[in-house]
Amino acid sequence: MSGMRILISPLNWGFGHAGRMIPLALELKKRGNEIIFGAEPSLVPLLEKEMPGIKIISVPGLRIRYSRLLPQWLSIILQIPHIIAVSFREHNLLKHLARELNPDVIISDNRFGFFHKSIRSVYVTHMLRIPFPKPFRFLECAGTAVHRKIISMFDLCLVPDYPEEINLSGRLSHGVRPPLNTVFMGPLSRFGHSVEPAAPAEPYCCLILSGPEPQRSMLAEKVVASLPGTIIWILTGTSLDIGPDSRRVMVITSPDTFTMREVITGSSAIIGRSGYTTVMELVSLRRSAVIIPTPGQTEQEYLGEYLHGNHGFVSLRQNDTGKLAGIMKSLDNIKVANLPDSARLLENAIGQLLKKQVKGGGHDPCANKEP
């Protein structure tokens, strides 16, 4: 079915959630659908460059704050009342947008309140299981139950990963019984398939680093202090002063997809967070990288642990950046795996997205198994 009006809105948690919705939006547009993309106001200018011909609107949402002192999981727990309040505001805002825009389909990337009882609503997430810190792992069943309840408000849940043993998200979306309305759609990336880059005039390290402060600038300072040579820092947001060594650091703020792809593929080595969108994009380009989880952010810490030594990734703790120089020299020996083609998964997911379907239910969220 084509010719539908589709409203897409991602969570505001850095650029990652918006970035992975870009290829989906462009694919749906290519199939003859009208796309309206609602995002945090600060992301609108970049998205307008990325998606010409697609209407971009400002849809303010959740803003997570990180801490310099507290573990990030504790910082997020303390913000739960704020997260709940924002979800209710989002839901009310969506009712207004639905009356104004009259969409046929609504796609939410991890925006809990972005569903409508009368309009087909689709939820995108790579975390069917909400990871808890190891001392509180016993609470994951309750967290999974709450998330399952949220997913049940939507007609369809799309997981941007492979459904089988070879996958990128590990226990975040595997080893747990998915809600009945779940479809695995394969990884999403703006960059398509890998290409052979042109050799740069001077070797450089590519630092991919966005996300909330203060952790962004804290890691940037550590990387610059630990590595000699030229560094090109790709970030979304306001450029920061990173100290006296900044004379050998080139900061590219909010680059378009073509520029970012050229910088990544032309680099001699790559450093980034273990955010899931970064993982999907590097895998699509078949590039190895050192991934450094945000301290205390359980999702990134798990992905760093799960991907360490797999699919071309080496994981390093933020406090161990003094080891970076030695690790970077071994990156060329890290094997980048050939992952399955996901075109068929995406085709099936889009088919499910564009058709009517009964709202999802699910199995007992506690009846899960560890991979």
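Modeller: Buried means under 20% relative accessible area; exposed is over 50%, and partly exposed lies in between (1.4 Å probe, protein chains only). This is a predicted model: local features need pLDDT of at least 70, side-chain atom pairs count only at pLDDT 80 or more, and totals for chains, interfaces and linings use all residues. Residues are numbered from 1 along each chain as its sequence is written, and side-chain values use heavy atoms, with hydrogens and water left out.

Biologist: Why is α8 called largely enclosed?

Modeller: Nine of its nine residues are buried, so the rest of the structure largely encloses α8. They are Y276, T277, T278, V279, M280, E281, L282, V283 and S284. Just after α8, R286 has a positive phi of about 55°.

Biologist: What makes a run of residues a helix or a strand?

Modeller: Both are DSSP runs, numbered from the N terminus: helices are H or I with at least four residues, strands are E with at least two. The protein chain has 11 helices and 13 strands.

Biologist: Why does α7 count as largely enclosed?

Modeller: Seven of the 10 residues of α7 (residues 257–266) are buried, so the rest of the structure largely encloses it. Those residues are T257, M260, R261, V263, I264, T265 and G266.

Biologist: Which elements do the buried residues of α7 pack against?

Modeller: The partners are α2 (44–50), β8 (204–208), β9 (230–235), β10 (249–253), β11 (269–272) and α8 (276–284). Contact here means heavy atoms within 4.5 Å.

Biologist: What caps the N-terminal end of α7?

Modeller: D256 does, with a side-chain oxygen 3.3 Å from the backbone nitrogen of F258.

Biologist: Why is D109 called buried?

Modeller: D109 has 0% relative accessibility, so it counts as buried. The residue lies in strand β4 (residues 105–109). Leaving aside neighbours within four places in sequence, D109 contacts S9, P10, L11, H17, R20, M21 and V124.

Biologist: What joins the side chains of D109 and H17?

Modeller: A polar contact of 2.8 Å. The term covers a pair of N or O atoms within 3.5 Å; within protein, one must be able to donate a hydrogen and the other to accept it, and residues adjacent in sequence count only if both atoms are side-chain atoms.

Biologist: What makes D109 and R20 a salt bridge?

Modeller: A salt bridge is a side-chain nitrogen of Lys or Arg within 4 Å of a carboxyl oxygen of Asp or Glu. The closest N and O atoms of D109 and R20 are 2.7 Å apart. This pair links distant parts of the chain: D109 in β4 and R20 in helix α1 (residues 16–30), 89 residues apart. Both partners are buried.

Biologist: How many salt bridges does a search of the whole structure find?

Modeller: Nine. One of them pairs R31 with E347, with the closest N and O atoms 2.7 Å apart. R31 sits in the loop between α1 and β2 (34–39), E347 in helix α11 (residues 343–353), 316 residues apart. R31 is partly exposed at 27% relative accessibility, and E347 is partly exposed at 44%. Salt bridges with shared partners join E27, K30, R31 and E347 into one network.

Biologist: How far apart are the closest N and O atoms of K30 and E27?

Modeller: 3.3 Å. Both residues lie in helix α1, three residues apart, about one turn of the helix.

Biologist: Is K30 buried or exposed?

Modeller: K30 has a relative accessible area of 64%, so it is exposed. E27 is at 17%, so it counts as buried.

Biologist: Which residues make the nonpolar surface patch of about 290 Å²?

Modeller: F136, F138 and L139. Patch residues have over 30% relative accessible area and no salt bridge; nonpolar side chains (Val, Leu, Ile, Met, Phe, Trp, Tyr) are joined within 5 Å, like charges within 9 Å. F136 is at 33%, so it counts as partly exposed. It lies in the loop between β5 (120–124) and α5 (140–152).

Biologist: How much of the protein chain counts as buried?

Modeller: 57% of its 371 residues.

Biologist: How do you know what confidence the predictor gives the protein chain?

Modeller: pLDDT is the predictor's confidence in each residue, from 0 to 100. The chain's mean is 84, and 81% of its residues reach 70 or more. Over residues 357–371 the pLDDT is below 50; beyond near neighbours in sequence, that stretch has 45 contacts in the model.

Technical notes
Accessible areas come from the Shrake-Rupley method with a 1.4 Å probe; for residues, only the protein chains shown count as cover.
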